[in-house]
Each structure stands twice: as structure tokens, then as C-alpha cells.
Amino acid sequence: MGLEPATSLDQAYLQNRNLTNVADALNELPQFRGSVTPSGAQASYGNGVNFINTFGLGSNRTLTLINGRRSVSSNVPSQFGPGGPGVQVDLNIIPTLAIERTESLSVGGAPVYGSDAISGVLNVIMRRRFDGARFSATSGISEQGDAFNYNFSGLVGSDFAEGRGNVMVAASFDRLNGLRGIDRAFIRQNLGSLNNCSGTAAPGNDGRVNPNIPCNNGATDGVPGRILFRNLTSPFLSSGGVIINGDTGGRTGLQFDAAGRIVPVTSGTRLTGFFQSGGNTYQTSDQTQITSNLQRFSTYATASYKLADAAEVFTEVLYYKGRAEQLGNSPTFNTFVFDPDTSGGLTFDTATVPFLNAADRTLLLSRGITSLNLSRSNEDLFDQSAISETELKRGVIGLRGDFKAIGRQLNYEASFNYGTNQIQNFARQINQQRFINAVSVAQGASGPVCSITPTVPVAPDQPVQPIADARCVPLNLFGVRQASAAALAYISENTVDTARLDQWVFNANIGGDLIDLWAGSIGFNLGYEHRNEKAAFTPDSFTQFGGGRGSAVAPTAGQFNVDEVFGEILVPLISRDNNIPVITSAEVFGRGRYVNNTVNGGFTSWAAGGRIGLFDTLQFRGNFTRSFRAPAITELFLPQSPTQVRPLDLCTAANRNAGPVPAVRAANCQAFLQATGNDPASYVLLASQASVAGLNGGNPQLANEQADSYTFGTIFQPSFVRGLTITADYVNIKIKGPIESLDTDQLSQGCFDNVNFDKSNPRSGNEFCRQLGFAANGQIPNSPTNPAVRSGYVNGQQVRFEGITGVLDYQTRLDGLNIPGTLNLGADVLYVMRRVNDITGVAPRRSDGLISNSDPRISGQARASYANDSWGIAAFANIVGRQIVSLQNRGPSPNDTREFDHFDPYATINMNVFFLTSDDSRFNISVTNLFNRQGQEYYGVLIPLSTNDQIGRRFSVSFVKNF
């Protein structure tokens, strides 16, 4: 067993589960949570990736390696990319047939591997050699006949030169069919929370899921103010268009049906803001995805040749081509709710607008509706889902060997690693200028024509107004899919946004035995590493200009390089041969790594720890590690974009005695007002009333995130149960200076509501005050040429994690029971004791156990398998403990604060059975989610917050042939 807590996963697990992506296997283990996957909502750029996340501390704080070496990232360097900014490695790129095993190390890896290893290191260890051929085919489908997927893989290798060399090539092709939300009944139900009724009257049949919850009659009646309702719709929107009275702004109770004819709006109940229960208007279920379409091809090749006993040359080549298609994406809207933005409502003159049926025109005019304001969802115009294509190339060449020098056995390795990755994002957007041109229509001699002067201006308050364009084609928005193909082509803009990432790494190290002691040899390793990271994101010119419905997206580019020296020493103190009573072994280790980064200078990471064994049965281990994460290119170099901001005014007489801890705000404001010569009774922050110039973007002054972590635990290997190993380890991680992007409201709160406040210099009382740029008079200057407010990425206060990990492994032959074969039992457990995400230092709160973070306090996986020479069977139980909605205002379900206080623990069961044939073939049948647990049932529905598997029970088969 290792010196630090670690878990491993081998080929047998992948084969039994019929998993062709190692990320899917890892995410079944409890220590990985919050990983970035192709499931659910996707990022604007770079969708479909698999970034692993250890302990839920962020995928950018887990370092992923291939054969102990870094790989070029697949994280688009944009604030709209997947996961937090960083150099995360996409596990999609690795063909699983070439994997020997994975090793996951929690704490202790930074001095060995460098930046980013705060919460853990995942090392994907590939096969070094292979002699023969292996081909595999895998296919799966859900019990509802969808989510079809298949994989074809091959592995071929051969020794040559009488075994001095070996060459191996693996290739894999996957196709996974994604799912939309409407493919599942429980999502089509459109469940959501709305305001409960008030008073003592019975609520009636108003769509509430739990009919036993009465109306809310006060803050202490045990009845929540918001509850779960069925069939949420928006009465202000529909796919065909809800008609608002353009003269009065009032609701007309009318809408366009799919054919463009006017029909009534069916009213719902419990209108809360934008949504109601029931009705026949807009639903959101069609705009969500369960999982993306994903197609990937990857190949991995390695070759080695022993030049001499002390020198072996080796090379690795990895190529990946992937395509991910997001199936669900929120459409654009045009509705008065968003006035006067580009998504605001559209107004038409009832008497003259084309496309309106004559009878419907008469109906509207008879009701006095001389102008109509259209409020619609635009999903019928064209599919706005994004497609990401990735092409990654990585190569390694190196020399390694063992030799004797100064009477010692030594080993060395030197390697050069280069990777490049190009990611292209393809999308179709609405060209807002052409859209306004096309909806500004009039009746011409031969039909509808575009007009820059329609009878009623279509969107007079919007930032874009119609201009003359001979290419303009009138756009009919009355109804669903009533627009002509020519009009759709006119308003659409195909965009291609491109990211390029490059990485160079040179590493050389030497290690071996140093000095013989009474308990054994002192082991050491010394090395040097140079790494260069370069990344650029170039949005399409249309996207940079902001010609669509979204904000303009600026390009990002930057690079940095690091020079690192590192060393490790392992000192044995006691061995079994020393014949010391009770203590059978003891050893200590020390590790250090000095890093010089061209952007933010030097940093020293180090670790120290050890292990002691008692009675050949029990061992204790522990270590302390100082690790770090260097700021990513996005965090450093995202362009500073001009913006207009209105920070919160927290020091007025009305506000300075409020806040999460009023005394803290009051004291800080008093010091601030006194230092700036302002009267506490009359002070007003003018920038809160009239916006001032600011900049938002990257921050080249960011410091490294620094983590102080420690673990201690035990390893139990009883002699009376051979083959049994049980480990338990306490893990404590404290991250100082976590990098986050903050807006001006958060900066204001971080400044004045913070106990960390320098009262001797209150204008720069802390990092957050400095970002606001207060002048000597206590105001924020409005200088467009030199903006005072700098929002964006900052080093926050701290992130803390505390938990216990446990592993059980047991293997035994069953020959004593006259049963041929082997029984394997295993388990992994994680108990989260404490989690705090404290960025601004303002009233930090624990978040462990919250279902909104998918963060149960206790979770685990139990495994059991039996195998002999002919067949085998295995079962996997993934266990999730109770999860809560909030740590504050707890109570029964329901209570005064909320309908659901907590959600019940559950388990999902996966099983497989395989058969081996005499011609060295393997046939495997696997079922995932055997009992189809998809969420917690509640009065005939699944509570949306509780869903754990939106696909449901699914089956897969695989066939492997060895030659």
C-alpha cells in the first residue's frame, strides 16, 4: 500500500461494466463528484468533454496525467468554456483498450508533479508493451429504445529484435446518441416551484403536486411559501406568439397557433413571476438536454527499443478526433419581459401588418387592439445547438534505463512531450441587424416587403434599428415554422469560433538507492522540468462584433512557461529484519519542488510524511503537503473589456447597519467615511445611481492558489483473513487565495462586509476595495480612459474541505469450498465532514451535504465478483446518503421554509455476467441501474432536484476476441 490515500481502477472494471470511456468508470467512484461531462447543460464553447473532479473542489484542481506525464488541455481558454479556467485533460481522448490501470492520489502529488495537484492527481497508466491482437465490439441501449451507443476497438502489438523492442497500436471509435429532455416523461411534466396560495381557504385543484399542503397562512404555520407544481408554463410566451395589446401593454388572452391563426390563451394558476401552473403556452422541457451526441476516434501507439542494458528509447503517439453536439439549448426570445433589450417584444400595426389572416385582423380591431405586441419563443427559426469538433495530437519521445554507479543501482528517464489541440465551435445565430430588417415589414404591391418605416416601429427602444438592405426577405413570426426558407437564411449567421492550445514539456530525472541504512536503502529522485503552455481563443468576427443576441466575445491569448526542479527522498527507519518488538516497519519521506513561473514568479511546494507498521497487521500513515495551482491563461489574459457598472452603495445611513453581520459593515463604513471626509448622515455613492466606467476581464497580478493539506490514516491487513486490506484516511485541504471571477456587487460586499479590513487605509481596506478604485473623496471616478473599477478574476479568501476516505479490498480462491474460481469483494467510501467555499470572506457558510452541489455527506461503491475459467458474474452498488437542501432553517418536510428539507439515501445497482470460450473470446452482458432508480418519488412524480439518472435502466453487450 502507498504512503498516501489512493485508489485504482483496472481493465477488469472497464470490461465488466462495458465502459468504453474511462471517465464513466471513474465517475462511479465516490471521490469523484461534480465532474464536467457530456450530460446536462453544456458550456457555450467546447461541449462534450470529460474533466474529472476530485472531492468536488473543481476540475481545474485535479491534475490528470498519462503515464505520469502531462497532456495538452482541452479546456477552451474562454470565460464561457467548460469547467473552471485551467489545463484540464479530456479523458475522451484515451482509448480504453490501451489502459492498464488508473491511479488516483489524493494529497501529496504537487511536489512530484507540479501545479494543479491540489485535490488530487489522476494518473492514467497505459500498457507499455503488448504481443498479440485483441478486438472488441460493444453496444448499448436504454430500456426505452434510445440512447443507443456502440464502440469498436482494436489493440495490436508485437515484440521484435528478440524481445528487445515492442510496438503497440490501439484504436477506438465511439458513437453515442444523445437525448433531449422531452424524451423522458418525468421531464415533460415540467415540474417546478411556484408561490403557494395564502389565507385559510382550501387551495383547490391548482396544480400542486402534494394535495395535502394547504395555503400558507403565516411564517409559523408549518406551511412553505413555495411548493412544487405540475406543468409549468409561461403565459407571456408561446412558440406561435402571445399577443399583448401594443397600445396598453395589457394581456389580450390571445395567441397564434402553429398555423398562424389566433386562438385563446388558456389560463393557468398560481402565476409567480414568469411562470404559472397549467395553460397552453410556453414550456421549457424541449429546451433541455439529457446528454449530448458524441462521436470520437482515438488512437494510441507506443514503441520501445532497448539500445543497451542501460538505455531504452521509447515513444508515444496519441491522436484524437471528436465531435460533440449539444441537443438542447435555450432558444432566443422576443418578449416585452426583456424590453428594451434585443430580445424585447415586437410591435406591429394591426390594420396593415402582412401575414395576418383577415378574420383575425378583424377580431383584433373589433377589440380595440390597433397594435399588437408579439411575445414568442424562437425555437422554430433554426436549431441553435452548438457543435464542437476537437483534433488533438500528442507525442512523447524519451530515453530511460537502469545502471550502476558509485556502487549503487540507479535509474533515469528523460522525455520531451509536445501536444497541440484545435477546438472549433460551430453554431448558428440570429443576425440581429438582419432580424430587425426582416420583421420591419409592410404590405407591398406584390406581397410583404421589408420597410425601414413600417406604420408602427417594430422595436423603437431596442439598440438595433432597421436599415435598407436589398437582400432583405420579410420574416413571418405569426405561428410556428411559418417563416420562409429564404427569410431564415437571411437572418441566420453561421459562426466558427476556434481555440488552439499548445504544450511543450521536457522532463529529466534520476533516482535509485543512495545509502544503505540498518533498515534498508535510502531512496531518492531528483529532476528538472521545463513546461510551456500557450493558448488562444479566436471567436468568429460576428461573435467578436456582438452581432447576435449575446454580448460581444473578445479573443483571448496568452502563454507562460515554468522551470521546475524537484526532489524526493525516502528513508527507511525500521524493517522486519531489525527484530524490534511490535514495530515491523517505519519510513519517512520528504519531497520538494521549486517552480519559477514567467508570469507570477517562484513558489515552493513540499510534502513530508511517513508510515509505521505494527504486528504485520496494522499500519499508520500521514503526510503534510503544500500544493498550488498557477493561474490559467483565461484568468490571466482574458481581455479587459470596457463596461458600465453600478456598485452597491453599502455605506449610506440606510444601509450601513445592515448586511450579514451589521456590526462589521458599520465599523468598516465608519472608518471609510472618516478617512474620506464624508458626513455619515448624507453620504451617497454616486456610482450607484449613475453608472461609471469599469473594466472586466483577466488579472495578470493574480497569485497562485496555495493549499495546505494533510492526511492521516490506517491500513489494516489481518493475518487471520488473508487477502483482506482495509484503509481509512482523514483528508483536510485548505486552499488560500482561490481564484474566482467577481462582479461589482460581490466586490462591494467583499469590501465592506468583510472582517478582513484595514481600517488604517480603508480606501484599500482589502483586495475587493482596491478593485473598486475609490478616490480620496470616497467616490468612484468615472473615467472611460482610465476606468477605476476592475472587476473579474481575483484571489479570494479560502476554500476548505474535510473528509474521510475508505477502501476495502478482498480476494480469495474458493478451492476450500470445492468451488473453482476467485471471489473478489471491494468498496470505496467517502464521508464529507465539512466544505466551505469562502471567496469574499463575508459570512462564509458550509455547503457539505447539499443536493444542489450533488454533495452527499456519505457515498460509496460496494463491489462483488466471482470468476472462473468459463464464466463470471459481478455486482456494483453505488450508494448515496441523505442529501439536504440547506444547512439553515432545518425542519420536517414540508416546513415553514421549504417543501423539501432533505432527500432519502438510495442505491443504484449495476450487474454483469460474462462467458469465456475455448478460442479465447469473451462475451459480456451488463445492465446499468438494474432497478431503474431515477429519482425520489413523490405523489406520483419524481422530484426534479432528486433525479440521479435521467436515462434510466440500460443494457449493453460486448464481445472481445484475442489472437
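Mentor: A search of the whole structure finds four disulfides, where a disulfide is counted as a pair of cysteine sulfur atoms within 2.5 Å. The model is predicted, so local features need pLDDT of at least 70 and side-chain atom pairs count only at pLDDT 80 or more, while totals for chains, interfaces and linings use all residues. Residues are numbered from 1 along each chain as its sequence is written, and side-chain values use heavy atoms, with hydrogens and water left out. When the bonded cysteines are counted along the protein chain, the disulfides follow the pattern 1-2, 3-4, 5-6, 7-8. A disulfide is a covalent bond between the sulfur atoms of two cysteines.

Take the pair of Cys 197 and Cys 215, whose sulfur atoms lie 2.0 Å apart. The link of Cys 197 and Cys 215 is left-handed, with -90° about the S-S bond. This pair links distant parts of the chain, 18 residues apart, with both Cys 197 and Cys 215 in the loop between strand E9 (192–195) and strand E10 (226–229). Helices (H or I, at least four residues) and strands (E, at least two) are DSSP runs, numbered from the N terminus. Cys 197 has a relative accessibility of 7% and therefore counts as buried, and Cys 215, at 7%, counts as buried too; buried means under 20% relative accessible area, exposed over 50%, and partly exposed in between (1.4 Å probe, protein chains only).

The disulfide of Cys 450 and Cys 472 has its sulfur atoms 2.1 Å apart. Its torsion about the S-S bond is about -80°, so the link of Cys 450 and Cys 472 is left-handed. Here again distant parts of the chain are linked, 22 residues apart: Cys 450 sits in strand E26 (residues 447–450), and Cys 472 in the loop between E26 and helix H7 (485–491). Cys 450 counts as partly exposed because its relative accessibility is 27%, whereas Cys 472, at 14%, counts as buried.

Another disulfide joins Cys 751 to Cys 769, with an S to S distance of 2.0 Å. With 95° about the S-S bond, this link of Cys 751 and Cys 769 is right-handed.

Turning to the strands, four of them form an open sheet of mixed pairing in the order E33-E34-E38-E37. Its edge strands are E33 (641–645) and E37 (739–742), each of which pairs on one side only. From one strand to the next the twist averages 35°, with axes being lines fitted to C-alpha atoms (for helices over the stretch in contact) and angles running from 0 to 180 degrees between N-to-C directions. Within this sheet, strand E34 (residues 692–697) and strand E38 (residues 789–795) run parallel and are joined by four bridges; two strands pair if DSSP finds at least two bridges between them. Leu 695 has Arg 790 in E38 as its bridge partner. Gly 698 lies in the loop between E34 and strand E35 (705–716), and it is buried because its relative accessible area is 4%. The C-alpha atom of Gly 698 is 4.3 Å from that of Leu 638, although 60 residues separate them along the chain.

Antiparallel pairing is found elsewhere: strand E29 (residues 556–574) and strand E30 (residues 583–597) are joined by 12 bridges, with Gly 567 opposite Gly 592 in E30. E30 also pairs in the antiparallel sense with strand E31 (residues 601–614), over 14 bridges, and a hairpin joins E30 to E31 through three residues. Val 595 stands opposite Phe 603 in E31.

Ile 873 lies in E42 and, at 33% relative accessibility, counts as partly exposed.
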